[in-house]
Amino acid sequence: MRLLNFKQFILTLAVIIGSLSSTSFAQQNIDLPTIELKTGIYRIQAELADNPKAREVGLMNRASMPTNSGMLFIFEQKAGHCFWMNNTRIPLSIAFIADDGRIVNIEEMQAGTTNNHCPKVAVRYALEMNKQWFSERVIVPGALIQGLPKK
């Protein structure tokens, strides 16, 4: 009887350890400051990824994101900042934004891929939203994103 209980204990322990997969302990951005952005009639609650560590982690390992929420990436210098979706579990759309707030281009990104998604010109801002958020609202390149923080 004792041996059976020990086996049950080991089996239970293995199940618990298995459920605590790498994604449970995977790196995630939490408690980032947020900012309200606007485009047309839409309001966006955007987390700010404005330092190297926050930008590196981005939206990795999240299972979902509220409809009108996103992440605004802010870089110190304008450049061809490219993005990929390694360790990102939710499909996203990304809008690359010029300093004047105009969207330069929008890319659709598949979860878990390493394809590069790059701006067509050098930018300092990129806004990630749930996949097709921009297209479902007919927000296209040239649209204005208001409320960007000035550096």
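Pocket first. I wanted to know which element gives the most to the lining of the largest pocket. It is H3, with 3 residues. I'm working on a predicted model here.

The volume of that largest pocket comes out at about 220 Å³. I listed 16 lining residues, and the closest to the centre of the pocket are Arg55, Glu56, Phe73, Phe83 and Trp84. Helix H3 (52-57) and strand S3 (69-79) are the elements that give two or more residues to the lining. Sorting the lining by class, I get 10 nonpolar, 3 polar and 3 charged residues.

Aromatics next. How many aromatic pairs does a search of the whole structure find? My search returned 5. I looked up the geometry of Phe75 and Phe83: the ring centres are 6.2 Å apart and the planes stand at 80°, so I logged the pair as edge-to-face. The cut-off I needed for that call is a plane angle over 60 degrees. Both partners are buried, Phe75 as well as Phe83.

Trp133 and Phe134 went down as edge-to-face too, with 5.2 Å from centre to centre and 85° between the planes. Buried or exposed, these two? I have Trp133 as buried, and Phe134 likewise.

I then checked which rings group together. Phe73, Phe75, Phe83 and Phe96 make up one aromatic cluster.

On to the strands. S4 (residues 92-97) and S5 (residues 103-109) run antiparallel, and I count 6 bridges joining them. Which residue in S5 is the bridge partner of Ile97? I found Ile103.

Most residues other than glycine have a negative phi, so I wrote down the exceptions I came across. Gln132 is one of them, with phi near 70°. I placed Gln132 in the loop between strand S6 (123-130) and helix H4 (133-136). With a relative accessible area of 38%, Gln132 is partly exposed.

Val138 also has a positive phi, near 55°. I found Val138 in the segment after H4. Its relative accessible area is 68%, so I marked Val138 as exposed; the cut-off for that label is over 50%.

Last entry, back in S3, where I looked up Leu72. Why does Leu72 count as buried? Because its relative accessibility is 0%, and the label needs under 20%. I also took the C-alpha to C-alpha distance from Leu72 to Leu37: 9.4 Å in space, with the two 35 residues apart in sequence.

Definitions and conventions:
Residues are numbered from 1 along each chain as its sequence is written. This is a predicted model: local features need pLDDT of at least 70, side-chain atom pairs count only at pLDDT 80 or more; totals for chains, interfaces and linings use all residues. Side-chain values use heavy atoms; hydrogens and water are left out. Rings of Phe, Tyr and Trp (its six-membered ring) pair if their centres lie within 6.5 Å; planes under 30 degrees apart count as stacked, over 60 as edge-to-face and the rest as tilted. Buried means under 20% relative accessible area, exposed over 50%, partly exposed in between (1.4 Å probe, protein chains only). On a 1 Å grid over the protein atoms alone, a cavity is a set of points where a 1.4 Å probe fits but cannot get out, and a pocket is an open set with protein on both sides within 12 Å along at least five of seven lines; lining residues have an atom within 4 Å of a point. Grid points are joined across faces, edges and corners, and a volume is the space filled by probe spheres set on the points. Helices (H or I, at least four residues) and strands (E, at least two) are DSSP runs, numbered from the N terminus. Ala, Val, Leu, Ile, Met, Phe, Trp, Tyr, Cys and Pro count as nonpolar, Asp, Glu, Lys and Arg as charged, and the others, Gly among them, as polar. Two strands pair if DSSP finds at least two bridges between them.
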